[in-house]
Number of protein chains: 2
Amino acid sequence: MNAPLDRISGTIELPQPYVLFLGDTTIAGFAKTAFGLRDWAPEKCVGEIRLAGATVTTGLDAVPPAEAYARGARALVIGVANQGGVIPPSWRASLVEALEAGLDLVAGMHMRLADIPELAEAAHRLGRQLIDVRVPPPHIPVATGRKRSGKRLLTVGTDCALGKKYTALALARAFRDRGVDTDFRASGQTGIMIAGGGIPMDAVVSDFEAGAAELLSPDAAPGHWDVIEGQGALTHPSYAAVSLGLLHGSQPDVFVVCHEPGRTEMLGTAGYALTSVEEIVELTIALGRRTNPAIRCGGFSFNTFALGDAEAAELMARESKRLGLPVADPIRGGPAFDALVGSCLA
Amino acid sequence: MNAPLDRISGTIELPQPYVLFLGDTTIAGFAKTAFGLRDWAPEKCVGEIRLAGATVTTGLDAVPPAEAYARGARALVIGVANQGGVIPPSWRASLVEALEAGLDLVAGMHMRLADIPELAEAAHRLGRQLIDVRVPPPHIPVATGRKRSGKRLLTVGTDCALGKKYTALALARAFRDRGVDTDFRASGQTGIMIAGGGIPMDAVVSDFEAGAAELLSPDAAPGHWDVIEGQGALTHPSYAAVSLGLLHGSQPDVFVVCHEPGRTEMLGTAGYALTSVEEIVELTIALGRRTNPAIRCGGFSFNTFALGDAEAAELMARESKRLGLPVADPIRGGPAFDALVGSCLA
């Protein structure tokens with residue numbers, strides 16, 4: 001019943017498929033995890049569970065726990081956050097019902113599932129698992145630096161929270177659409193739920209950070225690609241340790257720099273100007289070549305959410321010319337994104 | 001009775017002075033911690049405790065626990081390691097006797113003191129502490145990147161285990177000898193025992209690595225120096241995450257590059273050539289200027305243990321000329337080391 005799972009691979013592996021739990025939420029922004037699962041792992045989602053008062057829906061079938069189990073679900077995923085990351089008392093009866101129906105519980109909130117006595121008791125009584133995707137697996141080894149087989153792409157960024165996960169998911173899907181054998185490798189909690197496994201890299205003890213990244217993308221066939229979700233930024237005053245351990249352990253052949261035009265300051269730090277994309281390219285090569293001398297930049301992923309269509313297209317074309325590599329917004333897709341995919345696979 | 005201590009400062013703080021426990025060791029190399037404490041913190045050491053069969057001694061007075069307490073000792077420090085980092089049954093009666101005499105126990109071995117039932121029971125019964133200096137304090141915050149007052153020096157390196165702690169200790173002592181108000185800041189277990197406090201940086205969760213470094217060297221008077229013990233290397237395939245978080249959070253004004261001439265491969269990784277000192281200077285400036293734009297290299301500390309006097313002097317003079325900064329071996333001292341100290345304080 002204890003989180004996390006400790007499997008042979010050394011990474012978290014989640015029971016699947018899922019039923020998505022939305023609680024009684026009325027704010028769509030709080031259900032980003034549920035929407036992410038619907039959009040990126042529809043084959044893993046048999047339906048959703050909403051409580052009375054909920055107005056947000058993923059559009060999937062509403063299925064009570066027993067029916068979800070009958071449809072194949074093996075875990076209930078809490079797909080909604082709320083202020084403070086707590087699991088309110090109003091959700092608990094429903095979560096116990098899920099355990100009784102045969103489902104494990106998966107969450108990535110600040111409050112730990114196992115710290116709620118009624119859930120801990122029910123899980124223990126029923127032999128179910130309470131899995132917290134914020135908790136890294138035990139026994140992560142120190143990195144060896146040994147070169148692994150297969151190809152790897154890492155998304156890096158000029159800051160946190162500007163599209164590294166989305167870019168990795170979009171590239172992995174595009175690689176597969178071109179017939180390339182590809183795995184998305186998740187390094188954060190939402191990504192781990194989408195992938196059904198992974199390692200929450202920011203929660204790993206720093207001595208083992210690169211070792212965790214080595215576990216995350218194991219040896220593979222020569223033509224296989226791992227597309228690895230990046231974390232933080234090498235120039236982020238708070239989180240660069242995570243980024244460097246992930247870079248060294250990932251040994252990427254190719255990296256894509258994620259950026260949000262118009263953002264001027266690093267997230268969460270007062271007075272730190274955003275780094276330029278060129279500086280991130282330089283630092284990523286200077287540091288990444290240590291474990292993969294052939295590392296190269298495949299191009300740039302711009303988050304142009306705040307711009308109009310024409311403005312975004314003009315900006316990306318101009319920046320692509322200036323930087324000498326494709327610049328695309330994976331949400332907009334189109335020929336620019338095709339060019340980015342082509343450049344990464346070249 | 002639980003390790004670690006949680007004090008206002010957020011760092012480990014050890015009860016002092018110490019009595020040094022040598023067990024029944026017969027191999028001087030296993031007693032490096034005891035020798036380090038004798039050499040660098042003699043004012044903290046009231047004596048030593050040896051068991052029957054021991055042949056190694058620090059030369060300090062042999063004092064049983066009750067006498068150590070009477071001389072002012074407040075902690076027994078296990079100053080000896082052994083194969084596997086275990087605490088053998090033959091030591092335990094003596095450790096319980098120390099607890100009964102009023103001493104807390106301090107250790108940094110793989111085996112945790114609190115995992116030994118007789119020690120846990122005695123500490124609980126007597127209200128004593130079992131302190132493991134390998135365990136970071138709880139509640140380390142995320143780094144803010146806020147610039148702190150006072151001056152800071154960080155020792156960095158071309159690899160692990162080549163003199164970063166020794167160099168920091170020697171520089172801190174030399175700064176004090178010149179009348180400069182200076183603290184040595186310890187980032188590893190032996191350093192923590194010597195300093196009487198610090199944070200084991202390699203054991204901190206990576207998201208909080210830079211935050212821990214910010215705690216380690218707090219705001220100080222404008223003319224005060226913190227001399228911070230470095231960890232790992234920015235180019236070490238296993239441990240670079242530790243090095244980068246420590247660099248960002250330390251915000252050093254000055255760094256000294258520690259190096260062992262003749263070492264050709266990185267410790268613990270097969271096939272990784274040692275990085276050049278120039279590359280470490282470049283990377284340290286490229287990354288360190290993020291949190292301190294005025295960062296500069298103060299010079300180089302060479303571990304010339306394997307060389308004869310003339311050979312070492314000739315090498316250091318030649319390298320100093322080539323690199324344009326002082327090169328010294330702090331163990332040899334002399335004018336070269338004076339020049340290094342002067343360059344750091346310039």
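Visitor: Which elements make the right-handed β-α-β unit in chain A?

Guide: In this predicted model, the right-handed β-α-β unit of chain A is built from strand E2(A), helix H1(A) and strand E3(A). Strand E2 covers residues 18-23 and strand E3 residues 45-50, while helix H1 spans residues 32-40.

Visitor: Do the two strands run parallel or antiparallel, and how many bridges join them?

Guide: Strands E2 and E3 of chain A run parallel, and four bridges join them. To find your place in the pairing, look at A:Leu20, which stands opposite A:Glu48 of E3(A).

Visitor: Stepping back, how many helices and strands does chain A have?

Guide: Chain A has 11 helices and 13 strands. Its radius of gyration is 20 Å, close to the 20 Å that the globule rule gives for 346 residues, so chain A is as compact as a globular protein of that length. Along the principal axes, the C-alpha atoms of chain A fill a box of roughly 60 × 45 × 45 Å.

Visitor: What share of the residues of chain A count as buried?

Guide: Of its 346 residues, 55% count as buried. A residue is called buried here if 20 or more other C-beta atoms lie within 10 Å of its own.

Methods: Residues numbered from 1 in each chain as written. Chains lettered and ligands numbered in written order. Predicted model: local features only at pLDDT ≥ 70, side-chain atom pairs only at ≥ 80, totals over all residues. Pairing = 2+ DSSP bridges. Right-handed = clockwise from strand over helix to strand, strands pointing away. Rg over C-alpha atoms; globule rule 2.2 N^0.38 Å. Buried ≥ 20, exposed ≤ 12 C-beta atoms within 10 Å, placed from the backbone.
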